[in-house]
Amino acid sequence: MASPFDAINPDAYKAYVFWSAVLVVKILLMAPLTAIQRFKNKAFANPEDASSISKKLKPKLDDPDVERVRRAHLNDLENILPFFVIGFLYLLTSPAPFLAINLFRAVAVSRILHTLVYAVVVVPQPARFLAFMGAMVPTAYMAIQTLLYFMR
């Protein structure tokens, strides 16, 4: 009996694993990026963190630079985690390897660009919107193609 995993193209699978790992590293780097902003702006959320720097510092929860990085991190979690699931399920549909590889690449590069233009070097709109859509459109495409494949 054939397994759905038999249909996975090795090159597409390799690209999925590679770009997924890149995105995991990207998500993990958001915590140090947040910490850098906290230290730079002396904006610590917890009293023990603030007092470890200076007894005069009080917790600060509304620093715009820290909050920008935190929003970018949350946006990553809202968009990259679904990509991990749908990207793998999309592989089960036996997509054209060239298309699958480039969809995975587009999602990863767009998510990296999204963070750069939103939280590292703030660039005016529509830069963030375009970076967001550069990942959202391929992810939605993979989701729709997966649904259509398994509905037949």
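Is Asn79 buried or exposed? In this predicted model, local features need pLDDT of at least 70 and side-chain atom pairs count only at pLDDT 80 or more, while totals for chains, interfaces and linings use all residues. Residues are numbered from 1 along each chain as its sequence is written, and side-chain values use heavy atoms, with hydrogens and water left out.

Asn79 is buried, at a relative accessible area of 14%. Buried means under 20% relative accessible area, exposed means over 50%, and partly exposed lies in between (1.4 Å probe, protein chains only). Asn79 sits in helix H3, residues 64-91. Helices (H or I, at least four residues) and strands (E, at least two) are DSSP runs, numbered from the N terminus. Beyond residues up to four places away in sequence, Asn79 touches Arg111, Phe132 and Met136. Contact means heavy atoms within 4.5 Å. Asn79 and Ser3 are 76 residues apart in sequence, with 29 Å between their C-alpha atoms.

Thr139 belongs to helix H5. Thr139 counts as buried because its relative accessibility is 11%. Its contacts, leaving aside neighbours within four places in sequence, are Phe83, Ile86 and Val107.

The largest nonpolar core holds 22 residues. Leu23, Phe83, Phe104 and Met142 have the most contacts inside it. Helix H1 (10-41), H3, H4 and helix H5 (127-151) each give two or more residues to this core. A nonpolar core is a set of buried Ala, Val, Leu, Ile, Met, Phe, Trp, Tyr and Cys residues joined through side-chain atoms within 4.5 Å. A second, separate core has six residues, including Val69, Ala72, Tyr118 and Ala119.

On the surface, Val109, Ile112, Leu113, Leu116, Val120, Val121 and Val123 form a nonpolar patch, with about 510 Å² of accessible area together. Accessible areas come from the Shrake-Rupley method with a 1.4 Å probe; for residues, only the protein chains shown count as cover. Like charges are joined within 9 Å, and nonpolar side chains (Val, Leu, Ile, Met, Phe, Trp, Tyr) within 5 Å. Ile112 lies in helix H4, residues 97-120. Ile112 is partly exposed, at 31% relative accessible area.

The unreviewed UniProt entry annotates residues 16-36, 80-100 and 130-151 as "transmembrane region". Residues 16-36 are 100% helix and 0% strand, with end C-alpha atoms 30 Å apart. Residues 80-100 are 76% helix and 0% strand, with end C-alpha atoms 16 Å apart. UniProt positions are given in the numbering used here, feature names are shortened, and annotations may be inferred rather than shown by experiment.

Conventions
Patch = residues over 30% accessible without salt bridge, like charges linked within 9 Å, V, L, I, M, F, W, Y side chains within 5 Å. Salt bridge = Lys/Arg side-chain N within 4 Å of Asp/Glu carboxyl O.
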